[in-house]
Amino acid sequence: MKFVTYAENTTQLKELAILVETKKIDANVLEVIVGTAAISRYSENTVAGLEEMIALNQKFKLPLVLEWDVLQQESLFQKNAELVSRLPLHEFKAIRIQDPGALNLVKEKFPWLKVQLILENGNHNYTGLSRWSDFLGEQLDRLVLSNELSREHLSNYAKELKTELEVLVFGRILLFYSPRLLLSPLKKEAVQKDILDKNVEAYGTSEESPHAGFPLIENRHGTFMFNVKDLYLLDHLDELRSLNIGAVRFDLRFDDSFGHLENCIDLFEGRIKHEDVLEIKTEHPRPMIKGFYNINKTDVLFTKLKNKRIQRQDNNYVGEIVDVERDQQMALLIKSKHLTLKSGDELQLITPEGKTKTLGLKIFSDTSGAGLSHATTNEVVLLPFMSGVVAKTQVYLVNKDMQ
Amino acid sequence: MKNWTPELLSPAGSLEKLKVAVLYGADAVYLGGQKFGLRQASDNFTAQELREGVEFAHERGSHVYVVLNSFLHDKDLEELPEFLTLLSELKVDAVIVSDLGVITEIQKHSNLVIHLSTQASCLNVESAKLWKKMGVTRIVLGREVTIKEAKKIKEETGLEIEMFVHGSMCMAFSGNCVISNYTQGRDSNRGGCAHSCRFEYSIDMQNEEEAKKAYFMSSKDLEGIRMLTEFIEAGIDSLKVEGRNKSHYYAATVSKVYSEALAHYKEHGNFLSDDLIRWEEELRKISHRDYTTGSLDEYADESSIYNQRESDDNEYVVTGVILEVKENEHILLEVRSAFVPGDALEIMPFSGKTLSHVASSIKTISNIAVPKSKPGSVVKVPYIAGAERFNIIRRKLAEAHV
Ligand code: SF4
């Protein structure tokens, strides 16, 4: 299993190199994601800064992965495509991308460059994952999976997919990514000039949400909102290894978390126990959670959202009671295109509360009171009043063959 | 000579809304079944309703696209083939999909035409090329793409291009918001969005400045009526209206306004019509946040943020939908909001200007005169020449009796 983390500048790269030099971690196990502000979501690094890191790494020989994870419309995309093609791509072990456009470009123009494909939004099924994997073939280095997948799914995918898989085990959970600048309008004008180069950071709290203090970042790519609780799976590293997850990512870019680097490496290498570094969690500025690692039940509520009884179910559906006048009549709108209502028919009525009534149809009339012997689609017919029946009651023809 | 115009694609949140949209001029409608679509709160279609809806639309020359645009989990996929068989049988014109797993299943189990949903956030030429390789024939571009960029995408890929022309907008790149997943336990990518972007937030800029309260992540609504020439010149194939959860009145108004505008262009090759003002006025009469052209022209900026509380203060209110017209006798109206005899009503015909009418009396179906109609009931009002079944009747809110 690989240890994946980020280096934002030469200082951080050096710290990582020292840990390799001092044999805290093997260079083949470590992987360092680097980027530059134009193509990476949160990086403040300049292109010159990135080039400096690449030059420095000639000495360290750490496996560097180039991050191009922004989503961009055509005009911006073209500029970045050009920038990427000017970078010394041979210096990278792989490129890490999310936009299918970037993926297509890399596949066409740089077929020798390995790809780590970020499938963090959506992509929650084996069929899709394996299709992405087949599409890239040999060029695929790894699939970076969504935080919303449970242990059970991760285990299945690791068994069934030939590709190496990566999951986040420590770091912020991105909730929202907008290309629009949403914080700068709230700031004083003088501060706005900085926005292109530096991340603007803030916290958002809403009385309409039970959660407070969503971390926010705005930069040239737009606005990002993170969960109020960060992801923490450091107590599951052994389990992930046993599930055959190929790489775990420690996102130490925020909240001075980079200070935990050595502890994280020691924990990863099994030199210390999880209990020995509980402060990583207890001293973190926000609560930490396991997210959906144990179970994902985010679809349970949907089934409760609708009143099933007022939905139409079968081929014997006639229509809907649209009005009831007490002791007078009930108005039935015939909605079925296929059934003709006839005197002598037996009807079943299901009220919104689920009560069932039956009605043998002897007489019925149109809305002017003229008697009818039959009626078809779109007609409104008047039936004798029945107590307990209300508007939105659904009407079905009793299938005589079934009796 | 008739000029080319794009398809007008309207939302159909229910069978009734489908009929309304088609009758008011939509060239195509999109709708969801009971599962697999993103609008879990809208009524959605049962198999029976789907059958009826497809027949209704096809008989009138309109297309039907079915949304399967949730990002599905493995167990959701198991139920998909049966639904695909039904859609193939019903001859729906296309399915709208965002998940590559769903695309793969569709290709395995059917020959259905596949449109890529805006949820997949396709934003550039290369991305469109990739999805073409995956077998999609049309792309619903992300709302962040300008018309100019869309033109380039079309020219360089040969794919059909669909763009949003009207309606609410996600502030996030579509498919890139999971606020509800983590804060409400509801998957926004499987229809559970709780609209947290519409909340008011107190923003703490960390000592730099005082915390500010703002609806900082709520977007204004898109209105593209003034951009129709650009859409046409760019050759955009389909103009989509958002709003499967919205009312019959909304479905009717947007379908009517945009179809009339496009029909005018078809005939005259321009939008130099006295009706332009009327069309815009009509779009202001439906429930909406302030309008913006979003990123249709330039990338959306600060002016596209709707920094205020959501409210329902509309100038107009829907009085009802016509259920039946008995010539020279009466009109049967399904009442949506109360009105009294003497109220000035406006009937929205399927095309052309509204018809004004004062209801001299209101009666129950059994001809008992009532002083005021009750929402949810069905009443008779005197016959109005020109009114048709499914026409919507509205009135100015100042005259409403809620
Ligand atoms: S909360 Fe807002 S931005 Fe997020 S999915 Fe819902 S509508 Fe879109």
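1. In this predicted model, the side chains of Glu162(B) and Lys240(B) form a salt bridge, with N and O 3.0 Å apart. Glu162(B) belongs to strand 7 (residues 160–167) of chain B and Lys240(B) to strand 11 (residues 238–241) of chain B, so the bridge ties together parts that are 78 residues apart in sequence. Glu162(B) has 0% relative accessibility and counts as buried. Lys240(B), at 4%, also counts as buried.

2. In chain A, Arg249(A) and Glu166(A) make a salt bridge whose closest N and O atoms are 2.7 Å apart. Since Arg249(A) sits in strand 13 (residues 247–250) of chain A and Glu166(A) in strand 7 (residues 165–171) of chain A, the pair ties together parts that are 83 residues apart in sequence. Relative accessibility is 4% for Arg249(A), which therefore counts as buried. For Glu166(A) the value is 0%, and this residue is buried as well.

3. A further pair in chain A is Arg151(A) with Glu239(A), a salt bridge at 2.7 Å from N to O. Arg151(A) is in helix 6 (residues 151–160) of chain A and Glu239(A) in helix 8 (residues 237–242) of chain A; the two are 88 residues apart and link distant parts of the chain. Arg151(A) has 25% relative accessibility, so this residue counts as partly exposed. Glu239(A) likewise has 25% and counts as partly exposed. The cut-off that matters here is 20% relative accessible area, under which a residue is called buried.

4. Over all chains, the structure holds 51 salt bridges. Side chains of opposite charge can pair when their charged atoms come close. Shared partners join some of the bridges of chain A into one network, made up of Lys2(A), Glu31(A), Lys93(A), Arg96(A), Glu120(A), Asp141(A), Arg142(A), Glu164(A), Glu166(A) and Arg249(A).

5. Chain B is assigned two domains: domain 1 covers 7–199 + 218–304, and domain 2 covers 316–399. Taken over C-alpha atoms, the centres of domain 1 of chain B and domain 2 of chain B are 31 Å apart. Each domain brings 15 residues to the contact. About 1400 Å² is buried between domain 1 of chain B and domain 2 of chain B, with 63% of that area on carbon and sulfur atoms.

6. How many salt bridges cross the interface of domain 1 of chain B and domain 2 of chain B? The rule finds 1. Arg394(B) and Glu282(B) form a salt bridge through their side chains, 2.7 Å from N to O. Polar contacts across the interface of domain 1 of chain B and domain 2 of chain B come to 8 residue pairs, both residues being at pLDDT 80 or more. On the side of domain 1 of chain B that touches domain 2 of chain B, at least two residues each come from helix 1 (15–23), helix 10 (248–268) and helix 11 (275–284) of chain B. Helix 10 of chain B contributes the most to that side, 6 residues. By class, this side of domain 1 of chain B has 8 charged, 5 nonpolar and 2 polar residues.

7. Helix 11 of chain B has Leu276(B), Arg278(B), Trp279(B), Glu280(B), Glu282(B) and Leu283(B) buried. Glu282(B), the salt-bridge partner of Arg394(B), is one of these buried residues. The cover over the buried residues of helix 11 of chain B includes strand 7, strand 10 (221–223), helix 10, strand 12 (291–292) and strand 18 (392–396) of chain B.

8. Between the chains, the contact takes 101 residues from chain B and 91 residues from chain A. Chain B and chain A bury about 8500 Å² between them, and carbon and sulfur atoms give 54% of this area. Within chain B, the residues that lose the most area to chain A are Gln48(B), Phe173(B) and Tyr182(B), together 9% of what that side buries.

9. Across the interface of chain B and chain A the rule finds 5 salt bridges. Glu207(A) and Lys213(B) form a salt bridge, their closest N and O atoms being 3.5 Å apart. Between chain B and chain A there are also 45 residue pairs in polar contact, both residues at pLDDT 80 or more. Helix 6 (residues 125–133) of chain B provides the largest share of the side of chain B that touches chain A, 7 residues. The residues of that side of chain B divide into 36 nonpolar, 36 charged and 29 polar.

Note on methods
Residues numbered from 1 in each chain as written. Chains lettered and ligands numbered in written order. Predicted model: local features only at pLDDT ≥ 70, side-chain atom pairs only at ≥ 80, totals over all residues. Heavy atoms only, no water. Domains from an automatic or database assignment. Contact = heavy atoms within 4.5 Å. Buried area = accessible area lost by both parts, 1.4 Å probe. Salt bridge = Lys/Arg side-chain N within 4 Å of Asp/Glu carboxyl O. Polar contact = N/O pair within 3.5 Å; in protein donor to acceptor, adjacent residues only side chain to side chain. Helix = DSSP H or I, 4+ residues; strand = E, 2+ residues; numbered from the N terminus. Nonpolar A, V, L, I, M, F, W, Y, C, P; charged D, E, K, R; others polar. Buried < 20%, exposed > 50% of the residue type's maximum accessible area, 1.4 Å probe, protein only.
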